[in-house]
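Q: I have a new model to read. Can we go through it feature by feature?

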Amino acid sequence: MDDVESTNQRHAAICFLLDTMKRSLEASTKTSKNNKKQRTEKSDSNPHNSDDCEEINEPSSDTEEHCSPRPYNETKRKLANRKYAKASYIRKKRLVENLKSNVANLQVEN
């Protein structure tokens, strides 16, 4: 009688643990899908080549569908962000230099 009762208790504990893990996995899957949706919405608004993104966003198998971003693609994205940031910095620096020279020329005229 005690063996049956202890077996039932272990079974209930295991079922509870599995249900908890399942709910946790479902919640993380929803979060990763929302993050992927946000990333694709952001990438749609960016002026870069969208053909490159198709290769990045496609999972290579069913088991990797929930894994995002993959380390290689994350590194690639970081490098692209750095390149964009550097170009933006240089562009703004040149604009400031041009404005300073224009101001200096106008001050000399006045």
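**Surface, helices and contacts**

A: Start with the surface: the chain exposes about 10200 Å², and carbon and sulfur atoms supply 55% of it. Areas come from the Shrake-Rupley method with a 1.4 Å probe; for residues, only the protein chains shown count as cover. The model is predicted: local features need pLDDT of at least 70, side-chain atom pairs count only at pLDDT 80 or more, and totals for chains, interfaces and linings use all residues. Residues are numbered from 1 along each chain as its sequence is written, and side-chain values use heavy atoms, without hydrogens and water.

Q: What share of the 110 residues is buried?
A: Buried means under 20% relative accessible area, exposed over 50%, partly exposed in between. Here buried residues make up 5% of the chain.

Q: How many helices and strands are there?
A: Both are DSSP runs, numbered from the N terminus: helices are H or I, at least four residues; strands are E, at least two. This chain has 3 helices and 0 strands. Its order from the N terminus is α-α-α.

Q: Which residues make the nonpolar surface patch?
A: Patch residues have over 30% relative accessible area and no salt bridge; nonpolar side chains (Val, Leu, Ile, Met, Phe, Trp, Tyr) are joined within 5 Å. Ile14, Leu17, Leu18 and Met21 form one of about 410 Å². Leu17 sits in helix α1 (residues 2-45).

Q: Which side chains meet in a salt bridge?
A: The criterion is a side-chain nitrogen of Lys or Arg within 4 Å of a carboxyl oxygen of Asp or Glu. The structure holds 1. Glu74 and Lys78 pair at 3.8 Å, N to O. Both lie in helix α3 (residues 71-109), 4 residues apart, about one turn of the helix. Glu74 is partly exposed at 27%; Lys78 is partly exposed at 41%.

Terms used: Patch = residues over 30% accessible without salt bridge, like charges linked within 9 Å, V, L, I, M, F, W, Y side chains within 5 Å. Buried < 20%, exposed > 50% of the residue type's maximum accessible area, 1.4 Å probe, protein only.
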